[in-house]
Amino acid sequence: MAGEITEEQVAAAQQIWGEGIVKIGALKGDAEAAQKAASEHLETLYAYDFGKVLFKPTKAAEEQFRDTKSKALSYFVGGEIAEDKGFALQPWANVRFENHGTSIQGRTAIAMGNYFFTTTDGAEVKVEYSFGYLLNHEGDLKIFLHHSSVPYSE
């Protein structure tokens with residue numbers, strides 16, 4: 001059984017998450033390949049098979065919360081939910097995390113901050129996030145909380 005989560009593991013999981021989003025978008029022209037990559041992204045990084053996942057994606061208004069893997073997949077590549085346009089299909093050129101802070105409590109951790117999505121023309125889109133991670137019995141971090149939103153503006 002693996003021990004406690006480290007900040008380095010959180011940073012590595014964030015890097016992998018961002019690379020996965022970029023990979024999905026790079027497959028935009030091949031719907032089957034993009035769906036497969038998004039499904040693998042969810043399988044690898046999210047805890048849907050471990051327990052409850054609390055997922056509130058940025059661009060979800062009518063169906064705000066995605067409590068199943070299939071609803072999360074719809075958010076990333078479109079499909080099951082009418083409002084979903086395939087967030088990961090943008091495509092994005094890069095994703096980088098700036099953690100405001102990380103709280104580690106043994107086998108769970110929560111990181112909060114901003115992540116920046118770079119469009120293919122070089123513009124950055126700032127999004128606020130909170131991700132909760134759990135360390136499974138194989139020593140892998142899995143996301144059990146994903147909340148993101150656009151910054152407040154008047």
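User: What pLDDT do side-chain atom pairs need to count?
Analyst: Residues are numbered from 1 along each chain as its sequence is written, and side-chain values use heavy atoms, with hydrogens and water left out. This is a predicted model: totals for chains, interfaces and linings use all residues, local features need pLDDT of at least 70, and side-chain atom pairs count only at pLDDT 80 or more.

User: What is the volume of the largest pocket?
Analyst: By class, its lining has five nonpolar, three polar and one charged residues. Ala, Val, Leu, Ile, Met, Phe, Trp, Tyr, Cys and Pro count as nonpolar, Asp, Glu, Lys and Arg as charged, and the others, Gly among them, as polar. A volume is the space filled by probe spheres set on the grid points, joined across faces, edges and corners. For the largest pocket, that is about 160 Å³.

User: How many charged residues line the largest cavity?
Analyst: A cavity is a set of points where a 1.4 Å probe fits but cannot get out, and the count comes to one of 30 Å³ or more. The largest cavity has a volume of about 40 Å³. Its lining includes W17, Y75, F76, Y115 and H146. By class, this lining has seven nonpolar residues, three polar and, for charged, none.

User: Are α1 and α2 roughly parallel or roughly antiparallel?
Analyst: Their axes (lines fitted to C-alpha atoms, for helices over the stretch in contact) come within 9 Å and cross at roughly 165 degrees. Angles run from 0 to 180 degrees between N-to-C directions; under 35 degrees counts as roughly parallel, over 145 as roughly antiparallel, 65 to 115 as roughly perpendicular and the rest as oblique. The two helices are therefore roughly antiparallel.

User: Is the crossing of α2 and α3 left-handed or right-handed?
Analyst: The axes of α2 (residues 31-45) and α3 (residues 69-77) come within 10 Å and cross at roughly 130 degrees. That makes α2 oblique to α3. A crossing is left-handed if the near helix is turned anticlockwise from the far one by less than a right angle, and right-handed if clockwise. Here the crossing is right-handed.

User: Which residues of α3 meet α2?
Analyst: Contact means heavy atoms within 4.5 Å. On the α2 side are A34, Q35, A38, S39, H41, L42 and E43; their partners in α3 are K69, A72, L73, F76 and V77.

User: Where does P91 lie?
Analyst: The peptide bond from Q90 to P91 is cis, with omega near -5 degrees. P91 lies in the loop between α3 and β2 (92-105).

Terms used:
Helix = DSSP H or I, 4+ residues; strand = E, 2+ residues; numbered from the N terminus. 1 Å grid on protein atoms, 1.4 Å probe; cavity = no way out; pocket = protein on both sides within 12 Å on 5 of 7 lines; lining within 4 Å.
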